[in-house]
Structures are given as C-alpha cells and as structure tokens.
Amino acid sequence: MKKSRMLAVLGGGIFCVAVMSLYRMLELMQGAELKQHMDKPNGQDEDLSLLQQKIERLELLLSNNNRLVATLRDTLIQRKASWETGRGANGSSGSARQLPGCRLAEEIKEGTDEVQLLDVYDLLPFDNPDGGAWKQGFDIRYQGNEWDEQPLEVFLVPHSHNDPGWLKTFDRYYEDQTKHILDNMLIKLSEDSRRKMIWAEISYFSKWWNGINEQKREAVKRLVGAGQLEIVTGGWVMADEANSHYFAMLDQLMEGHQWIQRHLGVKPITGWAVDPFGHSPSMAYLLKGAGLSHMVIQRVHYAIKKHFSQQRTLEFLWRQSWDSSPRSDITCHMMPFYSYDVPHTCGPNPAVCCQFDFHRLPGGRVFCPWRIPPQPITEQNVQESPSPIGPVPQKSRLFRSPVLMVPLETTSARRRARGRQFTNYQKLFDCPTSTRSCVKARFGTLSDYFSALSRRVAAGTTLPTVRGDFFTYADRDDHYWSGYFTSRPFYKRLDRMLEATLR
Ligand SMILES: [Zn+2]
C-alpha cells in the first residue's frame, strides 16, 4: 500500500511538472509571436521606403534618359535638315563641310556614276518581296541576240572554301578534308593544262606543303607558274572584317604573303572573300596597299545585292570614303546571289544551277535539294543544251561587260574532289553545237577573269565608283548576322591583348 501511494504521489508530481512546463512553453511561444508581430511593421516600413527610394531613382534616371534621347533626336533632325538643304544648294559636297571632324570626299556629284552606300540605305525599303525562282531578286529576261556582236565570254573559276576552324578544329578539318582536297587538286590540275583552280587559305596550304615531298612541291610551283593554280588574297585566313582590329587583319595578311613569297616566289594580285559576314572598305584598303588590284566579295545584304543587280553596279571601283583621288580604288566584283556554292553561282535559279553541280550526280553522298539531279554529260545530251551552263546568259544580264565569272565549287569542306566537275564541264565546253556560237566558256583563275574584264574596260565598258561598307549582313528575311559583333567578349579581349603584346 505504501509503495502504491508513493507511486501515485510521484505520478501526480510528474504530471504537475509536465503541465507546468507545457504552460511555460506555450507562454514563451506566444511571447515570441507577439514580439514578431510587434517587430514586423517596422521592418516592412523600412523595406517599403527602400523600394520607394529605388523607384524614385529609376524615375529620375528614366526622365534624364528621355531628355537625352529627345535632345539626340532633335539634333539629328536638325542635322539632317541642314544636310539636305546644303545638298540641295551645293550638291552633296555641302554635307561634307558641315560634319565636324569628318571630311567626306567632295567628288561625289549627283548624276555621276558614283554610289554612296549611305544614300542606298536611305533609298531601299528593305521589304523582302518574293522574287520567284531567284527568291531575293527578280525575273531576269533576255532576247538572245544580246551577244551577237560581242560574244559572251564565261570563266568558270574552280575554288574551294576551307574554314581554319568552324564545326571542327583546324587539325581535324585538315585531316578529314583539306589535305585530300589539296592532294586531288595537284593530281587533277596536272592531268590537263586547261584545268584551273584558286586557293585562299595559307594556314592550310602551308600545313599541306610541310607534308609533301620535294617532287610535289616542284609540281605545285609549275602549276602556279603556268597560271593553272592562283593563290588569291594570300592571307593566313579569310579574315573577319567586322570585329578585327586592322592590325590583326594586316598581320595575318603579312604572315601569308611572306610565306607565299618565300616558298612560291609570287605575289597575290586578286582578292577572294566569300565568307566574312559583311565586307569592310578597310580590308579593301589593306589589300590595295598589299599590291592587289582586283577582289571578289560575297556576303552582302540581299537587298543591296538586288539593288546593285538592278543598277548593274555589281562590279565597281571601291573607293575609300575619305579619298578624293582614285589612288585607293580597287576593282571589286560582288556575287549577286545567295551563296558561293554551285546552285547559287551559275544563275538566278538554284534548282537549275544545281543540275550543273556534278558532285551531286545520282548515287553520291550529296544531292540537289530541289529534287532535279544533274546528269552525266554525254555526246547525246550535250547537244540539247543551248548554253554550256544553262542560265549563264541570264546572269550575264546583271553585268555591264560581256565577260562573266561563274565561281565553281569543285571541292568544299564537306566533300572530296573526284574530278567530276572538271570532266563533265570540259565536255560542255568542247561541244561544237552551232547554237552556242555566242558563248565561249572555259576554266579560269580570278586573274584570267579580271584580265578579260580589264580588256573590256579599256575598250569602253565603264565601272561605277562605290564608297561605303557592306554591314550589317543579312542572308535572308530578317536574319541579321550581328550577334557575332558582341559574342564571346572574353576571347575578343584576349585577342586584342595578345595583338598589343605581339606588336
Ligand atoms: Zn567559311
């Protein structure tokens, strides 16, 4: 009994302590909650006032910005109005005098054969209408008797385009493609002296050169000496013309030219830039200074290409904006169509031109996306074609002279040469069909083409003068290639630091 009473007292005691502890805990929790409630309004007030201050600062900045933009706009409107008044009174030369710190050349007179690209940009609606077969252009018509007096002279310029690094590394591209392209070039050109080719990227060419024996090197020199192989531009790479500092553009040009001079003993005289995204007059200036007299550009906004095609100004003397004399002029050929591959170089209709890309013969790895494959040229079907390369007469209507350049991608970074282009085209050229008497076609280098053009210019064909640059590039719709202006800032800065250290 005693034991159970003690247990009851102990149990009661524990119960009392537990209840009291529970009560105390509840009291403490309530106190904390109360304190929290008491504190919170003050914290919120602080946050709100901070937020308010921030909003007020932003409002101030915004209104300052608005004022700044309005001032800029008013200044521009005033400047434009005075520019136009000046031009109306004195010709465009008036504008040059009104721009402080910027002396534009004063020779541009309205009505002369001179093009100022800034004016062209104002003129074009950039409206992107569907041009039909030539999607970004227009229907090109011709009678057929245009070349009765002066035969159309066509130069097919075999070329390759090899990026020193794009989807693969420089070395991977070399092993997978470029090495084989150059090996095949040596074989195919040595087989037939009528075959020609141009090469641009010296970084690859020098790597290949290091791996071939003395006998092959002598064969290369013979091909260069005979005018079958022409080194064009001769830069270490096909340089970017938008982001690069001019020192880097010059440096890679010197690197390439010194290599060519040392190993081949020649100097490039023609330029070939088919894949920089937009083209800069600074590059034209550097090329001219490096001894080049002619150049080709390709990646120009499609609306500008269309305008130049309509005006027949695709071939022009590119003059520096600041130059009052022709001393900086370099003769420039702008490709009219979308790309430098065969479907976009022989004429306005890629479905038809693709049938002249004999790399895409049925059974191969590449084919025509327009679903009409090329056919091997035979003695029978060669008679059917009224022109050696179907649409070249159409393309010729875009140019002032009766000489025409048709770039021919014989090999590319994606496929190896097998000589199909050379053999099939030669059959087309050799065909004695009488209906083709007005078209003379053959393989040529850039120098062959530009020499023929120069002869026409000497005989009276005139070329306009163009000032300005070809930025920003768009290849279709609103696909503007401007992201690369600002992408990878770390590497861009690193490049500049390295250049500064190297010089
Ligand atoms: Zn490229």
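**Close-ups of a predicted protein model**

Of the 503 residues in the protein chain, 34% are buried.

View 1. Take a moment here to get your bearings before zooming in. Looking at contacts with a separation of 6 or more, 74% are between residues 24 or more positions apart. Buried residues, for their part, account for 34% of the chain.

**View 2. Helix α4 meets helix α6.** In this view, α4 covers residues 170-191 and α6 covers residues 214-225. Their axes come within 11 Å and cross at roughly 55°. The two helices are therefore oblique to each other. As for handedness, α4 and α6 make a left-handed crossing.

**View 3. Here are the residues where α4 and α6 touch.** On the α4 side, look for L186, L189 and S190. The α6 side brings K216, A219, V220 and L223. What classes of residue make up the contact of α4 with α6? Five are nonpolar, one is polar and one is charged.

**View 4. A cis peptide bond sits between F471 and T472.** The omega angle of this bond is about 0°. To find the spot, go to the loop between β11 (465-467) and α14 (489-502), where T472 lies.

**View 5. D477 isn't a glycine, yet its phi is positive.** The value is about 40°. Like T472 in the previous view, D477 belongs to the loop between β11 and α14. Is D477 buried or exposed? A residue with 12 or fewer other C-beta atoms within 10 Å is exposed, and D477 has 9 such neighbours inside 10 Å, so it counts as exposed.

**View 6. R488 also has a positive phi without being a glycine.** Here phi is about 45°. R488 is found in the loop between β11 and α14, and α14 itself spans 489-502. How many other C-beta atoms lie within 10 Å of R488? There are 11, so R488 is exposed.

How values were computed:
Residues are numbered from 1 along each chain as its sequence is written. This is a predicted model: local features need pLDDT of at least 70, side-chain atom pairs count only at pLDDT 80 or more; totals for chains, interfaces and linings use all residues. A residue is buried if 20 or more other C-beta atoms lie within 10 Å of its own, exposed if 12 or fewer, and partly exposed in between; C-beta atoms are placed from the backbone. Two residues are in contact if their C-beta atoms, placed from the backbone, lie within 7 Å. Axes are lines fitted to C-alpha atoms, for helices over the stretch in contact, and angles run from 0 to 180 degrees between N-to-C directions. Helices (H or I, at least four residues) and strands (E, at least two) are DSSP runs, numbered from the N terminus. Angles under 35 degrees count as roughly parallel, over 145 as roughly antiparallel, 65 to 115 as roughly perpendicular and the rest as oblique. A crossing is left-handed if the near helix is turned anticlockwise from the far one by less than a right angle, and right-handed if clockwise. Ala, Val, Leu, Ile, Met, Phe, Trp, Tyr, Cys and Pro count as nonpolar, Asp, Glu, Lys and Arg as charged, and the others, Gly among them, as polar.
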